[in-house]
Amino acid sequence: MNSLLEMFSFGFMMRALIVGSLISLSAALVGTPLVLKKNSMLGDGLSHVAFGAFALASVLGFAPLWVAIPIVIIASFFVLRINENSKIHGDSAVALMSASALAIGTFIASLAGTNTDINSYLFGSILSVSETEVFLALGLFMTVIIIYVLFHNKIFALTFDEKFARAIGINTKLYNAIFAILCSVLIVLGMRLMGALLISSLIIFPTLSAQTIFKNFKLVTIVGAILAVVNFVLGLIISYLCETPTGATVVIVNLFTLVVLKILNRLIKK
Amino acid sequence: MSLISVSKVKIGYNNIPVVDKLSFDINEKDFICIVGPNGSGKTTLIRGILGLIPVMSGKITFSLNENQIGYMPQETTVDANFPASVFEIVLSGSLNKPGIFYNTETKNRASETLKMLGISKLEKQSFSELSGGQRQKVLLARALMATDKLLFLDEPSNNLDQKSKESLYELVQKLNAEHGITIVMVTHDLDHGNLIGNKILSLAPKDYFFGTTEEYVRKVHHE
């Protein structure tokens, strides 16, 4: 108990707790339609682009956040267009984009020979969360919540059946664009904490876990969001106590939850 | 009274017309079956009328509001694990009307629609657990939430066994006869022995036909 109190007496731990919880919750909500529409590769692709953008910005001496956010949003629109155009193989294009962005980022960072710590970009660093990120994460969280409260029925309709949603006059392109922007912002904001290689798991795990037990959209959304926050906080505490990297620990806690729920589900069905 | 008037339209994909110079009227209380071989443009035509793809030329005049049209798309492929309850799906049909939350009236209407289609007991079930025939009825219920006037059905009986097919057609006929809902239905499993509906639109290439079912039968026999 004492070590827990001690843990949150550090400013950087408090910031990590706040940003991480807000990002986890937002990622779970934004992730639900992406996962159910089998678009979750979007998050993975964008996180690699974010890495490239961060490397570029730090070499050029710009504030990384303000470079990465627009670049990642542009990349997300690119992915959306690929998905709408059935002639191109979306998954290969996204895979190519990911690898290229990762390569370019690494290349630039080593060329410049700066003291850019590639490792902390790839796997996250709990020390790197700034106050700006706290405010941005809060803004993102509020936006996601407002959008969900006002439009959850429409989000369901277009996740379940986009053709029908369009036919009854829902502007599906607008919603897809909004989700792509939210996804971009949350990846950039969460990347420093979780790491470029691990952030997309926050989008995917909660929905998959909730989906193993619950069979309606509303419960999957709500339970996914709760699981996301609980797992993040647990992961953060474990990483502090065991002195392990936060991003990796959070992912492992999420993985553990998913496996336990899958096993429970099997047992109940028998 | 004409609800929708289609005049010399050309509709297609990537600038290649699939349907060309087609005219016909959808009148109130009509039951129009759209028939024709694969690739003749049945689905394309419906998607053009609904504004899902642009009309290349010609004119479509509506005498009813956009939010008075219900639609049941061809084959809704849903992932086996997709979490969606029947009630959630049926309610989503009413999203063509303004409002943030579903009100009591909408919820009651959803329950009544399920009852009318004889699937009340499925209300809380997950869509992925249903049989093909049950799924199509749920999607029909969703389409009915959007309208009490005009319904477009795109091959609703696809992949159904004979019994489910008959039960679905029976329901659609009931909607038309008893509830006065205008029906436009794409189908390819009706031959002239068991045609339903009062009018036929045949999209046989270069030989469009639009007229009453009797005229169509006479024409087919004549050939």
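The following paragraphs lead the reader through a predicted model of two chains, from their overall build to single residues. Residues are numbered from 1 along each chain as its sequence is written, and chains are lettered from A, with ligands numbered from 1, in the order in which they are written. Because the model is predicted, local features need pLDDT of at least 70 and side-chain atom pairs count only at pLDDT 80 or more, whereas totals for chains, interfaces and linings use all residues.

Chain A has 12 helices and 0 strands. Here helices (H or I, at least four residues) and strands (E, at least two) are DSSP runs, numbered from the N terminus. The radius of gyration is taken over C-alpha atoms, and the globule rule is 2.2 Å times the number of residues to the power 0.38. Along the principal axes, the C-alpha atoms of chain A fill a box of roughly 55 × 45 × 35 Å. Of its 270 residues, 50% count as buried. A residue is called buried if 20 or more other C-beta atoms lie within 10 Å of its own, exposed if 12 or fewer, and partly exposed in between, with C-beta atoms placed from the backbone. Two residues are in contact if their C-beta atoms, placed from the backbone, lie within 7 Å. Of the contacts in chain A with a separation of 6 or more, 74% are between residues 24 or more positions apart.

Chain B has 6 helices and 9 strands. Its radius of gyration is 18 Å, close to the 17 Å that the globule rule gives for 223 residues, so chain B is as compact as a globular protein of that length. The C-alpha trace of chain B spans about 50 × 35 × 35 Å along its principal axes, and 39% of the 223 residues count as buried. Among contacts in chain B between residues at least 6 apart in sequence, 70% join residues at least 24 apart.

The two chains touch each other, and the contact takes 21 residues from chain B and 22 residues from chain A. On the side of chain B that touches chain A, helix α2 (residues 86-92) gives the most, with 3 residues. The residues of this side of chain B divide into 12 nonpolar, 7 polar and 2 charged. In this division Ala, Val, Leu, Ile, Met, Phe, Trp, Tyr, Cys and Pro count as nonpolar, Asp, Glu, Lys and Arg as charged, and the others, Gly among them, as polar.

The buried residues of α5(B) are B:Tyr169, B:Val172, B:Leu175 and B:Asn176. They lie on the same side of α5(B) because they cover an arc of only 115° around the axis, the arc being that of the directions from the helix axis to the C-beta atoms. What covers these buried residues includes β3 (31-35), β6 (150-154) and β7 (182-186) of chain B. On the other side of α5(B), B:Lys163, B:Glu170, B:Ala177, B:Glu178 and B:His179 are exposed. Just after the helix, B:Gly180 takes a positive phi of about 65°.

Strands β8 (residues 199-202) and β9 (residues 209-212) of chain B run antiparallel and are joined by 4 bridges; two strands pair if DSSP finds at least two bridges between them. In this pair B:Ile200 stands opposite B:Gly211. The two strands form a hairpin with 6 residues between them, and B:Lys206 in the turn has a positive phi of about 60°.

Some single residues complete the picture. B:Thr113, in helix α3 (residues 104-116) of chain B, counts as buried because it has 22 C-beta neighbours inside 10 Å. Beyond its neighbours within four places in sequence, B:Thr113 is in contact with B:Val90, B:Ala141, B:Leu144 and B:Met145. B:Glu155 lies in the loop between β6 and α5 of chain B and has a positive phi of about 45° although it is not a glycine.
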